[in-house]
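Welcome! Take a moment to look over the chain below, and then follow the notes to see how some of its residues sit and what they touch.

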Amino acid sequence: MKRKNNSEKNEKRKQLSGVIKYSGLAFQMIAVILIVLYGGMKLDEYLQKEFPLFTVIGAFLGVILSLYFALKDFMKMK
């Protein structure tokens with residue numbers, strides 16, 4: 001009976017550990033996207049462009065960079 005309890009606790013710890021890893025990865029992705037997007041917005045504001053070109057570029061670049069970092073971290077986890 002005691003062994004069953006320990007194995008259940010270990011399984012719950014493993015699940016919780018996975019949740020924490022992936023939620024941290026999600027927050028990292030959001031942070032990268034927002035930082036690069038903010039830089040593009042500020043650059044458009046500084047250059048006083050009519051079309052927000054650097055904001056659009058920043059959005060795409062932010063997504064690409066966040067996917068790169070996420071995949072790199074994901075491969076390192078396994």
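The side chain of Ser66 reaches out to the backbone oxygen of Val63, at 2.9 Å. Keep in mind as you explore that this is a predicted model. Ser66 belongs to helix H2, and helix H2 covers residues 53-77.

- Is Ser66 buried or exposed? Ser66 is buried, because its relative accessible area is 2%, and the cut-off for buried is under 20%.
- Setting aside neighbours within four places in sequence, you will find Ser66 in contact with Met29, Val32 and Ile33.

**Leu37 on the other helix**

- Leu37 is found in helix H1, which spans residues 2-47.
- With a relative accessible area of 22%, Leu37 counts as partly exposed.
- Which residues does Leu37 touch, if those up to four places away in sequence are not counted? The answer is Thr55, Gly58 and Ala59.

**Aromatic pairs**

- How many aromatic pairs does the structure hold? There are two.
- Tyr22 and Phe74 make up an aromatic pair, with 6.2 Å from centre to centre and 40° between the planes, and this pair is tilted.
- Why does this pair tie together parts that are 52 residues apart in sequence? Tyr22 lies in helix H1 while Phe74 lies in helix H2, so the link runs between those two helices.
- Tyr22 is partly exposed, because its relative accessibility is 43%.
- Phe74 is partly exposed as well, at a relative accessible area of 28%.

**A nonpolar patch on the surface**

- Which residues form the nonpolar patch on the surface? They are Phe51, Leu53, Val56, Ile57, Phe60, Leu61 and Ile64.
- Together, the residues of this patch have about 680 Å² of accessible area.
- Ile57, one of the patch residues, lies in helix H2.
- Ile57 has a relative accessibility of 42%, so this residue counts as partly exposed.

Technical notes:
Residues numbered from 1 in each chain as written. Predicted model: local features only at pLDDT ≥ 70, side-chain atom pairs only at ≥ 80, totals over all residues. Heavy atoms only, no water. Patch = residues over 30% accessible without salt bridge, like charges linked within 9 Å, V, L, I, M, F, W, Y side chains within 5 Å. Areas by Shrake-Rupley, 256 points an atom, 1.4 Å probe, with all protein chains shown as cover. Salt bridge = Lys/Arg side-chain N within 4 Å of Asp/Glu carboxyl O. Helix = DSSP H or I, 4+ residues; strand = E, 2+ residues; numbered from the N terminus. Buried < 20%, exposed > 50% of the residue type's maximum accessible area, 1.4 Å probe, protein only. Phe/Tyr/Trp six-rings, centres within 6.5 Å; stacked < 30°, edge-to-face > 60°. Polar contact = N/O pair within 3.5 Å; in protein donor to acceptor, adjacent residues only side chain to side chain. Contact = heavy atoms within 4.5 Å.
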